[in-house]
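Hi,

Here is the structure I promised to pass on. Have a look first, and my notes follow below.

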Amino acid sequence: MTTVLLVEDDPGARQGLELALRRLGYQVRPAETGEAALEGIGQDAVDVVVLDVMLPGLDGFEVCRRLRRGSDAPVIMLTARGDDFDIVGGLEAGADDYVVKPVEPRVLDARIRAVLRRLARAGSPAETHGELVIDRGSLTVTLRGREISLTPTELRLLLVLSGSPRQVFSRQQLLDLVWEHDYLGDSRLVDACVQRLRAKIETDSSEPRYIQTVRGFGYRFGPV
Amino acid sequence: MRTRLIIAFIVVALLSALASAWTFNAIHVWYQSAFPSWLSDVIQGPWRWGEPRPLRSGPFGPPTPAYARPPTPAAALAFFLAAVGLLLAVIAGVAVAASRRVLLPVRRLARAARHMSGGDLSVRVEPRGRDELSQLVTSFNAMAASLQDKVGELERMEARARQFAGDVSHELRTPLTAMTAVADILPGHPGLTGDAAAAAGLVRQEIFHLNRLVEDLIEISRFDARTAQLVTDDTDVATAVSGCLRARGWTDVSTDVPAGLTVRLDRRRFDLIIANLVGNALQHGGPPVTVTARAEPHGRGSGQLAVEVRDHGPGLPEAAIAHVFDRFYKADTARARSEGSGLGLAIASENARLHGGHIEGGNHPGGGAVFTVTLPRGSHPSMSGMVAQAVSAGL
């Protein structure tokens with residue numbers, strides 16, 4: 001059963017979302033504050049975090065940043081405003097996706113499923129691209145012999161891009177393939193995730209070798 | 001103004017010089033006897049010096065000295081011109097100085113007034129001296145200060161009102177989150193029968209309606225607060241239009257969009273524009289509803305995108321055409337409330353404006369209402385910082 005860590009300070013919204021998620025078959029661990037959430041995630045396995053931005057004490061951005069240090073659980077931001085400031089701030093802090101309050105349970109369900117979706121393990125041997133080794137069988141990525149810890153979204157993005165080296169993917173295509181968003185996804189999700197991925201695998205993020213920008217169109221993997 | 005003043009000054013000065021010359025001539029007989037001869041010589045000028053003097057000259061007197069000889073006509077003319085020139089120069093100098101004194105403050109006031117009408121209410125003029133002009137400057141400054149206060153007060157009040165509308169909408173979202181999360185549990189629940197089931201259905205429906213209204217209020221408050229931003233992408237118009245219609249299940253809307261027409265725009269906002277116009281046409285107009293898009297050359301830029309949404313209903317009442325984009329405007333007052341929030345067309349119009357374009361509403365000569373969205377194809381004047389960020393991030 002999938003365990004959701006739900007961080008929301010408003011009791012009504014917290015109870016409502018907890019009820020809705022339970023009915024959808026999730027196990028829910030509610031937390032009232034960011035501090036409580038950070039404690040909770042240390043205790044036992046959490047599959048996905050649904051995190052409100054506006055929290056007393058530590059705000060959602062800070063909680064997300066701290067979560068990222070010790071956990072690769074995907075984070076879905078719950079933005080009360082839907083304002084660009086919240087969205088950009090959340091994505092910079094490392095959120096995998098965001099939904100705008102009030103969110104319909106089926107939409108939240110679809111987003112949770114998407115960020116948790118594991119790519120099918122392939123039987124093919126590990127591919128080597130420069131100093132980067134991508135093993136689609138064990139779903140691990142190693143850079144210069146050291147394994148890199150990636151969130152599911154980052155891993156999916158890397159696997160999709162490296163699956164067709166040199167092919168250019170538009171941001172909308174990537175939203176569809178990686179985030180499973182409908183045709184109106186927010187392309188900033190892609191940009192933010194590319195930035196995070198580059199920070200982990202590129203030697204110099206400003207001159208990326210693996211994930212290259214095709215100006216005005218999108219991204220491609222290589223040529224290395 | 002200044003030139004005229006100087007000319008008038010010169011004319012008056014010349015006239016007074018002439019008058020004084022006449023006066024001298026009238027009294028020179030008197031002063032010739034009253035003053036010593038060398039002084040009256042000086043006063044009377046070279047013409048008098050040149051005349052032979054009755055007492056000293058004569059066949060037996062000493063030879064006429066050089067200064068007493070009559071001057072040549074050329075020397076007399078030169079003297080005359082030099083004198084007139086000097087006089088003019090002095091007069092002009094005095095006139096310029098005087099006009100500067102009068103005109104400079106006036107000019108500074110004019111400049112300040114221009115700045116003020118250009119919107120800069122903080123402009124002030126430094127008063128100099130104690131004359132009427134400096135009083136005018138002081139009054140001008142007082143007026144500017146009170147105007148600035150009033151405008152500032154009005155702006156603060158407006159900002160507070162907008163902030164309030166935005167805050168209220170945000171606050172409504174939290175309880176709505178809880179209600180939306182549980183709304184789906186109500187309908188079809190076995191514990192609810194009869195009136196209770198009907199009531200539950202109504203509550204659920206109204207929760208979604210309230211959601212839409214709050215969403216639209218927040219959207220419009222972002223435009224009011226000028227925090228709405230564009231996130232642009234190269235977008236295939238045909239895909240965007242068909243996607244918009246498909247996502248909302250509007251299968252009976254026909255489209256005519258050329259393939260391969262790509263425009264740089266904010267996809268979400270473009271989607272909102274089309275959805276609001278088509279939704280409006282379906283609800284208030286009559287079928288069939290058509291969406292037509294075409295590229296139009298325009299000026300030196302890369303042209304415009306024109307999207308036309310037309311229905312075949314009765315068309316807009318003449319009195320409504322000027323108001324269709326007003327918030328909560330309802331052309332048909334008999335219809336107390338529609339499915340939408342009453343903000344749809346206002347939001348569509350704001351979104352078009354954010355792109356540097358506009359929407360026009362009117363009636364088609366062939367019947368039915370027609371709304372035309374015009375968006376620039378090239379760069380957008382109000383392009384956001386977000387896009388700049390994306391650019392610096394490497395896209």
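At what angle do helix H6 and helix H8 of chain A pack? The answer is about 90°, with the axes of H6 (residues 152-163) and H8 (residues 188-201) 10 Å apart. Axes here are lines fitted to C-alpha atoms, for helices over the stretch in contact, and angles run from 0 to 180 degrees between N-to-C directions. H6(A) and H8(A) are therefore roughly perpendicular (65 to 115 degrees). On the H6(A) side the contact involves Thr153(A), Glu154(A), Leu157(A) and Leu158(A), and H8(A) brings Cys193(A), Arg196(A) and Leu197(A); contact means C-beta atoms, placed from the backbone, within 7 Å.

Before going on: this is a predicted model, in which local features need pLDDT of at least 70, side-chain atom pairs count only at pLDDT 80 or more, and totals for chains, interfaces and linings use all residues. Residues are numbered from 1 along each chain as its sequence is written, while chains are lettered from A and ligands numbered from 1 in the order in which they are written.

Chain B has an open, mixed sheet of 5 strands, ordered S2-S4-S5-S7-S6. Helices (H or I, at least four residues) and strands (E, at least two) are DSSP runs numbered from the N terminus, and strands pair if DSSP finds at least two bridges between them. S5 (304-310) and S7 (369-376) of chain B pair in the antiparallel sense over 7 bridges, with Val307(B) opposite Val373(B). Helix H8 (residues 267-284) of chain B lies across S4, S5 and S7, at about 25° to S5(B).

Best wishes

Definitions and conventions: Contact = placed C-beta atoms within 7 Å. Parallel < 35°, antiparallel > 145°, perpendicular 65-115°, else oblique.
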